[in-house]
Amino acid sequence: MNTQKQLLTKAKLEFHSNLPKRHVGILGGTFNPIHLGHLVIADQVYEQLCLDKVLFLPDKIPPHRGVKKAIPTIDTNDRIEMIKLAIRDNMHFDLDLTDIRRGGVSYTYDTIKMLKDLNPNTEYYFIIGGDMVENLPKWSHIDELVQMVHFVGVCRKGFEKKSNYPILWVNTPELEISSSMIRERIQKGQSVKYLVPDDVAWYIKDRGLYNG
């Protein structure tokens, strides 16, 4: 490494070391579509852990499903627009397109590594359901990952609050809402009012999503 590059690297490290630490939550998923359950979880984690912000991070292709089955049934831009509509009234929520822009299978390790490289002064809190905690041993690079990010487990009925990995457990109101249930209701011509934000319901209807 030449002298000039060493000086630049040192200056960069010193600059970041003087910045206040930020604490940011990450809620990942396909959001196909985003619903009120997602928003309640994000809000409760934000409040209970006193975070600075919660990022909604839509994935391109989730690693825990078969690639063919994981391809969204709607255009990626539609998923993004629905997230924007759902979170636009909350200044503590933001959209992050790291996985979408990178493309391919969305491995959490790659995402967190990229985010931490870009934001070395940020502590990240990755939010997962209690059912997903049991599968952590199967995650790619899990031993390295737990050193890079704080895992936040959302308590779920029927799942014990235990893991061999450090988990910050958060209790949230249990809403029996899922994206698959919403898609099924739309296909049957049933109402999704009070299950998704009004603007999202309007967007789905206007675009004719999930009717096929």
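How many of the residues of β4 are buried? In this predicted model, local features need pLDDT of at least 70 and side-chain atom pairs count only at pLDDT 80 or more, while totals for chains, interfaces and linings use all residues. Residues are numbered from 1 along each chain as its sequence is written, and side-chain values use heavy atoms, with hydrogens and water left out.

Eight of the eight residues of β4 are buried, where buried means under 20% relative accessible area with a 1.4 Å probe and protein chains only. Strands are DSSP runs of E with at least two residues, helices are runs of H or I with at least four, and both are numbered from the N terminus. In a regular strand, side chains alternate between the two faces of the sheet. Thr 122, Tyr 124, Phe 126 and Ile 128 point one way from β4, and Glu 123, Tyr 125, Ile 127 and Gly 129 point the other way.

Strands count as paired if DSSP finds at least two bridges between them. β4 pairs in the parallel sense with β1 (residues 22-29) over six bridges, with Arg 22 opposite Thr 122. Five bridges join β4 to β5, also in parallel, and Ile 128 stands opposite Gly 153.

A nonpolar core is a set of buried Ala, Val, Leu, Ile, Met, Phe, Trp, Tyr and Cys residues joined through side-chain atoms within 4.5 Å. The largest has 34 residues, and Ile 127 and Met 82 are among those touching the most other members. Elements giving two or more residues to this core include β4 (122-129), β5 (150-154) and α4 (76-87). A second, separate core of 21 residues includes Tyr 124 and Ile 26.

Key
Buried means under 20% relative accessible area, exposed over 50%, partly exposed in between (1.4 Å probe, protein chains only).
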